[in-house]
Amino acid sequence: TTQKGTMKPVKKTKAEEPELEPLCCCEYIDRNGEKNHVAACLCDCQDLDEGCDRWITCKSVQPETCEKIMDTISDRLRIPWLRGAKKVNISILPPLFLLPVFLRVASWHFLLGVVVLTSLPVLALWYYYLTHRRKEQTLFFLSLGLFSLGYMYYVFLQEVVPKGRVGPTRLALLTCGLLLILFALYRAKKNPGYLRNPAHNDRALSGSQVECLNRKGPEKPKGFPSADLSGGLNNRAPKDETKDSPRTSAGSPAKGKDDWCAKCQLVRPARAWHCRICGICVRRMDHHCVWINSCVGESNHQAFILALLVFLLTSVYGITLTLDTICTDRSVFTALFYCPGVYANYSSALCFTCVWYSVIITGSMAYIFLIQLINISYNVTEREVQQALRQKTGRRLLCGLIVDTGLPGW
């Protein structure tokens, strides 16, 4: 107490929380929230031990056990880094090890080359459908594409250039093409036009409204005239005025489709769609491309087309230079199918195998490029084409290359 008899206020001090010790380059916080060390990656792995015991005793391994093992491996597979070890995505590792091995094995004999080069696309398609069915993101195809570019360029420098038929100018052109591919991929990898919800900064919806929206799913919300949903719901036209709205106008390709995304909690503009793999809405979404591990939308569609075009030109140029070096007395098209004596030398056999691998990749990219050009010429997106086929409102023309979606702009 003070002299005047009043009580002096006592300041409340908060309990000082103990500061966490900084992680060294080999330590990390695992999925259980505990501090762990890179050196202990093989210690105390109950899931892996159980799976190995069942495999040794010839017992069936449950799918749940396999998923636990993969989760454990992906959590402990890390590299030392500043302020804690960084996790390595396990899907980027198979191309780094398997691609050089497969191509070198394929160069031993002609029959081995046929088997390996036939099985590689089959394995890639199988992995694509496996991940696409589960709606999972994967860096496998991005890693495969980038490492294929690097490895083909390495083989070209090590095996083709020393033969003396490729001059500095041609090598510079090929190198510039490779750099342009990487730059275009970088541009295509950036934001495709993600739709962010500005209502996160405004007042939140009431619990009854959120529950009602989640129950209705992607349907248009009704009965919320005063809700502040990005300024969209309170300005919505009534039913008798929807014919004049931009979403349902006669020229809109998405006529009659709901424009409310219950997952992102926002009103989508015309031709926007929710990507179930990325988990977010994209403006004028074309498709989710596994080669860039991102969506192709309004903001990166031009960069995606440019990347395809530059890749096709650079790949064809590199194939031409390689075949002109290892099969000097034949034209490029003839040497691709008939090049006698190419397997007599391991260097020329490896170059020939890489040429055919590049031809397979180039053919698949050329097909994607052709489909993109056709869709652009008819002002439709790949998602709209696939949706028309699923709903049986479209029909295939010209051996399936062209799809009449039945939209007004077609």
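Predicted model: local features only at pLDDT ≥ 70, side-chain atom pairs only at ≥ 80, totals over all residues.
Helix α5 runs over residues 140–160. At 1.5 Å a residue, its 21 residues should span 30 Å, and the end C-alpha atoms are 28 Å apart, which agrees.

The structure holds 3 salt bridges. One of them joins Arg-165 and Asp-324, with the closest N and O atoms 3.5 Å apart. Arg-165 sits in the loop between α5 and α6 while Asp-324 belongs to helix α8, so this pair ties together parts that are 159 residues apart in sequence. Arg-165 counts as partly exposed because its relative accessibility is 39%; Asp-324, at 26%, also counts as partly exposed.

Another salt bridge links Glu-384 to Arg-271, where the closest N and O atoms are 3.0 Å apart. Glu-384 lies in helix α11 (residues 382–390) and Arg-271 in the loop between β6 (266–267) and β7 (273–275), so the pair connects parts 113 residues apart in sequence. Glu-384 has 5% relative accessibility and therefore counts as buried. Arg-271 is buried too, with a relative accessible area of 11%.

The side chains of Asp-329 and Arg-330 also form a salt bridge, at 3.3 Å from N to O. Here Asp-329 counts as exposed, at 60% relative accessibility, and Arg-330 is partly exposed, at 28%.

Conventions:
Residues numbered from 1 in each chain as written. Heavy atoms only, no water. Helix = DSSP H or I, 4+ residues; strand = E, 2+ residues; numbered from the N terminus. Expected span 1.5 Å × (residues − 1). Salt bridge = Lys/Arg side-chain N within 4 Å of Asp/Glu carboxyl O. Buried < 20%, exposed > 50% of the residue type's maximum accessible area, 1.4 Å probe, protein only.
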